[in-house]
Amino acid sequence: MASIQSIFDSFQGKKIIVLGDLMIDAYIKGSVTRMSPEADVPVVDFESRISRLGGAANVALNLKALGADPILCSITGKDENAELLLKLINEAQLNQKGLIPYDERVTTVKTRVIGNDKQLIRVDLENTEPISSSAEFAMVNLIKEICEKDDIEAIIFQDYNKGVLTPGLINQVIDFANQEKIPTTVDPKKDNFFEYKNATLFKPNLKELAEGTKTEVSIKKKESFLKAVKKIREELNPKYTFVTLSEHGVFINDGEENHFIDAHPRNIVDVSGAGDTVISVATLCLVAGCSPKEIAELANLSGGLVCEHVGVVPVKKEDLMKEAKKVM
């Protein structure tokens, strides 16, 4: 095993394409001291409203926080919220040369109402229609162009079922990446679950594993769990099958060995965005040449760390390195 320091040093400057659904995570924060007389709901006394990058953009933020150079690739809208999205991207100093604006797209906004530091409700503004064939064609060509001009180390598919990742786009980009020997990693959702054939690393969570394979899956019943994993390997042929197991840790299979990595004790506050962090760290570890077990261990640590914070926040490189040096 390479030293923890050398692994983290290797993240620096790595060019990673992040392909998927962009969104804004908005937070309305306040205090709750009474219940509404109109309905059995708490009244939140407004204190502040914050807007942050979410979805695939949060993956980019995690990569950037770890020293990498992410390039966002997505189809964006031209509405009022799209202007805010671009403003947030510019403020974060993220590379946006892979963005293509289209009139028919609606910018996804997830608004979470937080009272007394706990999420009370979430309101979503979105349009989940698949992108048009012309947008798909433009996106594929732009990704090929970026890969030809830049030394791209990996492509992350960040799927939220918001319409950007269509079967045609997925298949064409993976085929191209495999031809160019560029690793691909996938954070899937159920709609396109079995479209990601021949990706390098496929990372569902336990719920997505059950929904995608249409089987009852329980980590307490390893036979059912491993049966679902086998179905993924047979249908999709990934080099690595990596499953996040919430409070039970993570699992990774490399075609030969199974590794179950236990979760570390944490003060869990909010699980929002943990999957974004896990796929970011797993991708960088893959590019760094880490073993399957090392990929799983570092990604597992990162997911736990971000769950100790309210809201969607990127992992801190120093915190992750400190934790890794203690337990690995």
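Predicted model: local features only at pLDDT ≥ 70, side-chain atom pairs only at ≥ 80, totals over all residues.
Residues are numbered from 1 along each chain as its sequence is written, and side-chain values use heavy atoms, leaving out hydrogens and water.

I looked up the axes next: helix 4 (residues 133-149) and helix 5 (residues 167-179) come within 10 Å and cross at roughly 20 degrees. The two are therefore roughly parallel (angles under 35 degrees). On the helix 4 side I found E136, M139, V140, I143, K144 and C147 making the contact, against G168, L169, Q172, V173 and F176 of helix 5 (contact is heavy atoms within 4.5 Å). By class I have seven nonpolar, two polar and two charged residues there.

Then I checked helix 2 (residues 56-65) and helix 8 (residues 274-287), whose axes come within 8 Å and cross at roughly 50 degrees. That makes helix 2 and helix 8 oblique to each other, and their crossing is right-handed. I see N58, V59, N62 and L63 of helix 2 meeting D276, T277, I279, S280 and L284 of helix 8. That contact splits into four nonpolar, four polar and one charged.

Last, I went to T184 in strand 9 (residues 184-187). T184 counts as buried at 0% relative accessibility (the cut-off is under 20% relative accessible area, 1.4 Å probe, protein chains only). Beyond neighbours within four places in sequence, I found T184 in contact with I155, F157, A177, N198, A199, T200 and L201.

Note on methods: Axes fitted to C-alpha atoms, helices over the stretch in contact; angles between N-to-C directions. Helix = DSSP H or I, 4+ residues; strand = E, 2+ residues; numbered from the N terminus. Parallel < 35°, antiparallel > 145°, perpendicular 65-115°, else oblique. Nonpolar A, V, L, I, M, F, W, Y, C, P; charged D, E, K, R; others polar. Buried < 20%, exposed > 50% of the residue type's maximum accessible area, 1.4 Å probe, protein only. Left-handed = near helix turned anticlockwise from the far one by under 90°.
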